[in-house]
Amino acid sequence: MKPVTIGLLGLGTVGQGVATILARNAAEIERRTGRPIHVTRAAVRNRSKAEALALGIDITTDAAALVSDPTIDIVCEAIGGEDPTLSLLHSAIDNGKHVVTANKALIAVHGNALLEAARAKGVAVAYESCVAGGIPIIKALREGLSANRIEWLAGIINGTGNFILSEMAEKGRSFEDVLAEAQAYGYAEADPTFDVEGIDAAHKLTIMASVAFGMPLEFDAVYTEGISKIQREDVEFAQELGYRIKHLGVARQRDDGVELRVHPTLIPERRLLANVNGVMNAVVVHGDAVGPTLYYGAGAGSEPTGSSMVADIIDITRTMDAHPSHRVPALAFQPEALHSQTLLQTPDYEAAYYLRLRALDQPGVLATVTTIFGDLGISIEAIVQKEPDPSDVSEPIPTVPIIILTGRVREGLVEQAIIRIEALDTITQPLTRIRVETL
Ligand code: HSE
């Protein structure tokens, strides 16, 4: 059968992964698809660097020519960024090409328009590699779990952030040191604030929520908090209490709306998710019929991300000659059946909370604090007061850290408690608040 031809946009870490897998596993892949798949051209910025890879691919610096090249069937995008990538992908679609992309920011922010353009043209846009690297989570949500009403999902979906938190917790390494290592491995985004401030995870959560709940991509609705403010003492206190701190993306479908949130989270250490370390990702999906299911694997890196992109290429190859209506819908639900949901705001979110306060070590402080919780109807699950630190001479009276774990409660109530506690003369620092999920 006539080979399927791939044009690669980018031959960096991910692009090379795609080219390598397609070459190494060519025979195995052809047994799956029934026809060979050839990467014929790659558009890059630095021609000599790409030619030095000696991949046997025609190298060009003209990306616009590649996306309009009549010999190319599928454009596989691994350059990232928005400009000129978005217009290149629209141009590829206008030229009748299928698109495979690893660009989660582009899908999360511009995906509604891009997918609509593809639908109008009768081509596919596939984006498995946008979420959780090599884990086929889009496939699982869109196909394997399609019998279910998805109730919630929660995942460690940024490898760089998880690598940083794991190294800090296990080896006491500094934040900057670990980030530099993640960048050297090629895990981190071009702008590493995307990793450490939770933006990358929010892109991925946006995509998963849309596919899970049948709603348009709503990136602006995601509450986003990163890991840059996590202190070593919180990592240690959490461990003493039997928890690990992980950066989670959580999407929950409630009767009154949808919660979409990305933030550091205490997870009981007995949970599998609490033991996902390094650059690994994991997602728990809870369906009404199946109950909880867990997906685990490498969240970043050349071949894991390449694995997902090649799987998309294979899927497209299999249905290339079929009528577009015979393909799995891009966002899992029929396009006309996608509908916006009520997007809940942070005061309506529900979670349990870890609160760390620093208080003067004098009688009555704890009683005053616990009274505030009682007045607001917030139940306290655990409270621990630590010894005063003799080296802390910042206050005339010694101060002590107090750790409180609340029961599950509306966030608006916790915010009220925090305001009232911080207003007390005996509290010497702003409170630290980290959500707790028992999953
Ligand atoms: N920067 C991302 C991460 C790459 O660290 O997870 C994979 O999406």
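Buried means under 20% relative accessible area, while exposed means over 50% and partly exposed lies in between (1.4 Å probe, protein chains only). The model here is predicted, so local features need pLDDT of at least 70, side-chain atom pairs count only at pLDDT 80 or more, and totals for chains, interfaces and linings use all residues. Residues are numbered from 1 along each chain as its sequence is written, and side-chain values use heavy atoms, with hydrogens and water left out.

**Exercise 1.** Work out whether Asp234 and Arg356 are buried or exposed, and what joins them.

*Solution.*
- Step 1: Arg356 has 7% relative accessibility, so Arg356 counts as buried.
- Step 2: Asp234 comes out at 0%, so that one is buried too.
- Step 3: Their side chains meet in a salt bridge, 2.6 Å from N to O. (That term needs a side-chain nitrogen of Lys or Arg within 4 Å of a carboxyl oxygen of Asp or Glu.)
- Step 4: Asp234 sits in helix 12 (residues 232-240) and Arg356 in strand 13 (residues 350-360), so this pair links distant parts of the chain, 122 residues apart.

**Exercise 2.** Find the salt bridge between Glu167 and Arg173 and say whether the two are buried or exposed.

*Solution.*
- Step 1: The closest N and O atoms of Glu167 and Arg173 are 2.7 Å apart.
- Step 2: Both residues are buried.

**Exercise 3.** Look at Arg252 and Glu437: which network do they belong to?

*Solution.*
- Step 1: Their side chains form a salt bridge at 3.4 Å, N to O.
- Step 2: Arg252 is buried at 17%, and Glu437 is buried at 2%.
- Step 3: Bridges with shared partners join Arg252, Arg254, Asp256, Glu259, Arg261, Arg408 and Glu437 into one network.

Technical notes
Helix = DSSP H or I, 4+ residues; strand = E, 2+ residues; numbered from the N terminus.
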